[in-house]
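I am opening my notebook on this structure. I will go through sheets, helices and contacts in turn.

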Amino acid sequence: MSGLLLVLLVALIFVVLYQVARSSEMVARIQGEEIFDKKRNKILAFSMLVVYAAFMVGIYYCHQYMMPLMAPEAASDHGQSYDFMFEITCYVTGAIFMLTQFLLFWFSYKYQRSGDRAPYYFAHSTKLELVWTTIPAIAMAVLVAIGLKSWFAMTDMAPKGAMQIEIVGKQFNWISRYPGPDGVLGKRYFTNINDKDNLLGLDWKDQKNMDDIIVPNGELRLVKGKPVELIIGSRDVIHDVGLTHFRMKMDAVPGITTRIWFTPIITTREMQEKTGNPNFVYELSCDQMCGKGHYSMRAVVIVETQAEHDIWLKKQQSYYAQNHPEVNPPAAESTSAPVDTTKKITMK
Amino acid sequence: MSNEATIHQHDVHTHDDHSHDDHSHHEHAHHEHKQHFLTKYVFSQDHKIISRQFLITGIFWAIIGGLMSVFFRLQLGFPEETFKVLSTFLGDWAPNGKMDPEMYYGLITIHGTVLVFFVLTAGLSGTFSNFLIPLQIGARDMASPFLNMLSYWFFAVAGIIMFVSLFTSTGPASGGWTTYPPLSALKEASMGSGIGMDLWLASMSLFVISSLLGGLNYIVTILNMRTKGMSMTRMPLTIWAFLFTAVLGVLSFPVLLSACVLLIFDRHMGTSFYLSEIYIAGKALPNVGGSPILYQHLFWFLGHPEVYIIMLPAMGMASEILSTHSRKPIFGYMAMVLSLIGITVLAFLVWAHHMFVTGMSPFLGGIFVLLTLLIAIPSAVKVFNWLTTIFRGNIRFTVPMLFALGFVSLFISGGLTGLFLGNSALDIHLHDTYFVVAHFHIVMGISAFFGMFAGVYHWFPKMYGRFMNNTLGYIHFFITFAGSYVIFWPMHYEGLAGMPRRYYDFTNWESFKQFADLNQMISIAAIIVFFAQLLFVFNYFVSIWKGKKVTTQNPWNANSLEWTTPILPGHGNWDGPIPEVHRWAYDYRDNGEGGDFIPQNVPLRDGEESH
């Protein structure tokens with residue numbers, strides 16, 4: 001019923017608008033088309049200025065409203081240089097935007113039709129055209145240079161000693177795998193996968209798998225100041241590891257291994273203090289359409305200190321041990337572990 | 001094929017046997033030739049009727065696609081609420097007024113597909129290439145009116161199949177308009193990958209055929225059937241734009257067809273072009289060795305030129321309209337043509353900038369960055385030339401002029417954000433966020449729509465012999481222009497904050513939930529703008545029968561040849577011989593008799609040099 005009313009209302013508005021429109025044409029006929037047109041042209045020319053002013057004020061208020069809602073400062077060293085490059089591009093494009101929009105609206109107003117001025121026959125000027133081919137070309141060259149420098153730096157090999165974590169997408173959650181004490185991720189193959197006791201299809205013939213740790217909710221635990229390389233995979237369709245706060249993103253493609261690396265520089269706790277939001281948390285979002293649950297494919301990223309990380313790591317049981325308690329009883333916790341961590345820290 | 005041959009071969013009534021013969025057979029011209037309704041309006045081979053068929057079908061699809069966006073904007077703006085209207089339209093897909101995520105994804109997929117292909121490709125270049133090419137180059141019809149008719153009917157059938165797919169029990173295709181496999185290849189992966197996806201593929205394949213038939217026809221017609229004196233450099237920029245649009249389509253659409261065919265093989269014949277090492281629905285699939293990235297390469301090899309297939313006609317029409325209503329020649333005609341050529345060539349060399357985050361070789365990525373940002377140069381040239389065209393003009397703020405100005409504004413805004421996305425180092429954060437949504441909606445969605453609206457308002461008098469209502473046109477312009485910015489400008493910020501596109505609900509995300517109020521505001525604006533478009537539709541159809549009649553042959557005082565035809569040209573376009581062309585299309589200057597324009601068919605005056 002209310003739907004019908006709404007339709008009727010819209011139809012009514014249209015009819016009223018149409019009648020108003022018709023009557024304005026009648027007015028035109030009565031006043032004389034020419035005089036009416038002239039008047040209208042003047043009003044519309046002026047409206048170009050109004051539209052321009054509203055446009056600029058709108059942009060200003062939009063900016064004021066949005067800025068407090070934006071993501072906090074980048075939490076990775078790469079992200080910091082990203083933000084810098086973004087700013088430069090903003091200035092370049094912003095300048096062109098301001099100039100061209102201003103000219104567009106100003107010319108529209110300024111050169112409205114008037115009886116006493118003939119339009120200027122101006123069809124060609126090699127000089128002008130060269131100028132505005134060259135200037136964008138130079139601007140583009142600068143942007144490309146900055147961009148490629150940053151691009152090749154970020155896509156270069158991860159530094160030696162970077163922490164490796166595997167992150168695998170499936171419909172609709174993430175699974176992460178840590179290499180365990182041996183520091184190496186073992187082999188895995190998709191035919192070994194089963195949802196009961198081998199989520200990622202680890203090859204149990206590979207000894208390097210025996211100490212690997214799997215976190216089924218995809219939680220990523222990163223260490224502040226330590227480069228991390230993410231080894232990215234997918235079990236079924238294409239997903240995408242989106243790390244907004246670190247300004248990073250990479251597809252997870254079935255059958256292909258992709259990688260990204262970066263160095264987190266702000267811990268979760270520090271970021272909570274910086275933003276004043278006790279609930280702040282780094283999130284990993286799936287950024288490639290992957291089906292019904294795409295929008296809920298979330299994992300949490302925790303950036304912590306090396307000491308905190310080691311404590312967490314020590315509590316973890318290897319995936320093999322979890323699923324084969326009869327074969328391999330949980331390894332007795334090594335008492336030397338804390339010593340190891342301090343060593344690691346001091347070595348760093 | 002010559003003009004005379006075209007007409008005779010297809011038994012269309014022509015009024016002169018020798019186009020450039022001064023002697024025309026006037027007694028012949030008034031001979032009434034009764035045509036059956038079916039051959040005149042349905043299976044017509046008249047390019048003008050076909051163009052109207054494309055336009056009206058495009059309008060139909062624009063309403064469907066727009067309505068879909070209203071539905072999913074309701075979900076995005078009001079994720080907690082229920083809407084009865086959703087259950088009314090979507091039935092079981094929205095039980096109790098709450099949209100199912102599968103349907104949400106179906107709606108965004110079909111919204112994208114329909115607007116990109118059916119509205120902004122067929123509805124835009126199909127309409128205006130058909131309408132303007134013969135009229136502006138001085139031809140009786142297309143080189144092959146029959147293929148031209150087929151082109152429309154393939155499009156119509158493609159549309160019917162797509163429409164049917166909306167009513168299947170598993171819903172329409174729902175993997176996004178790019179339909180990346182494996183999601184789109186595996187029935188297990190989503191409901192939309194069932195029969196809906198098969199219908200999508202069938203529909204797109206037919207659409208490719210339609211587009212090829214049309215495109216080949218446009219190219220042949222432009223190259224071979226120009227009237228005497230219409231050298232390539234005297235053609236209006238609209239025709240140049242349609243020519244390159246057609247070239248882009250003919251060279252890139254077949255690649256989409258191959259992508260579709262391989263996907264059909266993968267879906268039904270057990271091949272592994274796009275599939276490898278997949279474990280889904282509790283079992284490992286036998287497919288090994290394929291690559292989903294291959295599909296992306298094939299798709300974007302069309303997908304990127306497609307953007308220019310959409311943009312070029314809008315650019316061409318905006319050039320023509322800005323010049324006509326500023327009463328000034330287009331500035332830098334040759335530069336405009338060269339920049340069209342530049343865009344066309346580069347359009348084929350940049351596709352992989354949609355794939356910076358797929359893990360492709362960084363070196364290759366670097367090359368695509370370079371080539372992508374090169375496109376900014378011809379685009380910048382065009383913008384500066386448009387600005388110089390209105391500079392010191394004598395602007396008449398007609399409705400088409402306003403839309404052309406709006407086009408330039410939107411093209412600038414949307415084009416500049418391309419510099420962020422084309423630069424891989426910046427794209428890596430912005431990819432697949434609302435920044436992308438904002439960018440492409442402004443630059444190729446709204447601005448192409450503005451070019452299309454400008455074209456409809458400008459050439460409506462030629463199509464129907466009546467004007468569209470001005471006042472409604474102005475209301476339409478201001479609401480749409482303001483609304484477009486209100487909807488899409490804030491989305492840049494959302495994208496910068498990392499808000500991913502194609503999300504059904506953001507309430508559970510600590511990083512994105514702060515935009516709830518904003519999403520609500522955007523949804524309200526989108527709904528208002530949608531209704532403003534219905535105002536245009538209303539105006540369009542009412543004006544066909546009730547609009548103010550055109551009383552003069554050349555209501556805009558324009559130079560190009562379509563305004564030398566009768567007010568309502570019949571099939572064959574000119575009653576007498578086809579006019580001969582003596583000058584370029586932009587001689588907006590003192591004609592020596594108080595007029596401010598000199599049509600193309602006016603011979604050069606003594607001592608006058610042609611441009």
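**Entry 1: a strand and its neighbours**

In which sense do strand 5 of chain A and strand 8 of chain A pair, and over how many bridges? I looked it up: they pair in the antiparallel sense, and five bridges connect them. I note at once that this is a predicted model. In this pairing, A:I231 stands opposite A:R259 of strand 8 of chain A.

Next I checked strand 1 of chain A, residues 163-170, against strand 5 of chain A, residues 228-234. These two run parallel, joined by seven bridges. I picked out A:G169 and found its bridge partner, A:S234, in strand 5 of chain A.

A reminder to myself: strands of a sheet pair through backbone hydrogen bonds, and the pairing is either parallel or antiparallel.

Is strand 5 of chain A largely enclosed or left open? Five of its seven residues are buried, so strand 5 of chain A is largely enclosed by the rest of the structure.

**Entry 2: another sheet in chain A**

Strand 6 (residues 239-243) of chain A pairs with strand 7 of chain A in the antiparallel sense, over five bridges. There, A:D240 has A:D251 of strand 7 as its bridge partner. Strand 4 of chain A runs parallel to strand 10 (residues 298-304) of chain A, and four bridges join them. A:L222 stands opposite A:V303 in strand 10 of chain A.

In a regular strand, side chains alternate between the two faces of the sheet. So what covers strand 4 of chain A, residues 220-223: one face or both? Both faces are covered. A:L220 and A:L222 are buried on one side, and A:R221 and A:V223 are buried on the other.

**Entry 3: where the chains meet**

I turned to the two chains together. Chain B puts 103 residues in contact with 95 residues of chain A. On the chain B side I read 61 nonpolar, 27 polar and 15 charged residues.

Helix 4 (residues 126-155) of chain A packs with helix 12 (residues 362-374) of chain B at about 165°, with axes 10 Å apart. The two helices are therefore roughly antiparallel to each other. Their crossing is right-handed. Among the residues that meet are A:L143, A:W151 and A:F152 from helix 4 of chain A, and B:V369 and B:L373 from helix 12 of chain B. This contact has 11 nonpolar residues, four polar and no charged.

**Entry 4: a helix pair within chain B**

How do helix 17 (residues 470-496) and helix 18 (residues 516-546) of chain B pack? Their angle is about 155°, and their axes lie 9 Å apart. That makes helix 17 of chain B roughly antiparallel to helix 18 of chain B. This crossing is left-handed. The residues that meet include B:I475, B:I479 and B:G483 of helix 17, and B:I522, B:A525 and B:F536 of helix 18.

**Entry 5: one glycine**

Last, I looked at B:G58, which lies in helix 4 (residues 47-77) of chain B. Is B:G58 buried or exposed? It has 24 other C-beta atoms within 10 Å, and 20 or more count as buried, so B:G58 is buried. B:A122 is 64 residues from B:G58 in sequence, and their C-alpha atoms are 6.9 Å apart in space. Leaving out residues up to four places away in sequence, B:G58 touches B:F118, B:V119, B:A122, B:G123 and B:T127.

Technical notes. Residues numbered from 1 in each chain as written. Chains lettered and ligands numbered in written order. Predicted model: local features only at pLDDT ≥ 70, side-chain atom pairs only at ≥ 80, totals over all residues. Contact = placed C-beta atoms within 7 Å. Nonpolar A, V, L, I, M, F, W, Y, C, P; charged D, E, K, R; others polar. Pairing = 2+ DSSP bridges. Axes fitted to C-alpha atoms, helices over the stretch in contact; angles between N-to-C directions. Parallel < 35°, antiparallel > 145°, perpendicular 65-115°, else oblique. Left-handed = near helix turned anticlockwise from the far one by under 90°. Buried ≥ 20, exposed ≤ 12 C-beta atoms within 10 Å, placed from the backbone.
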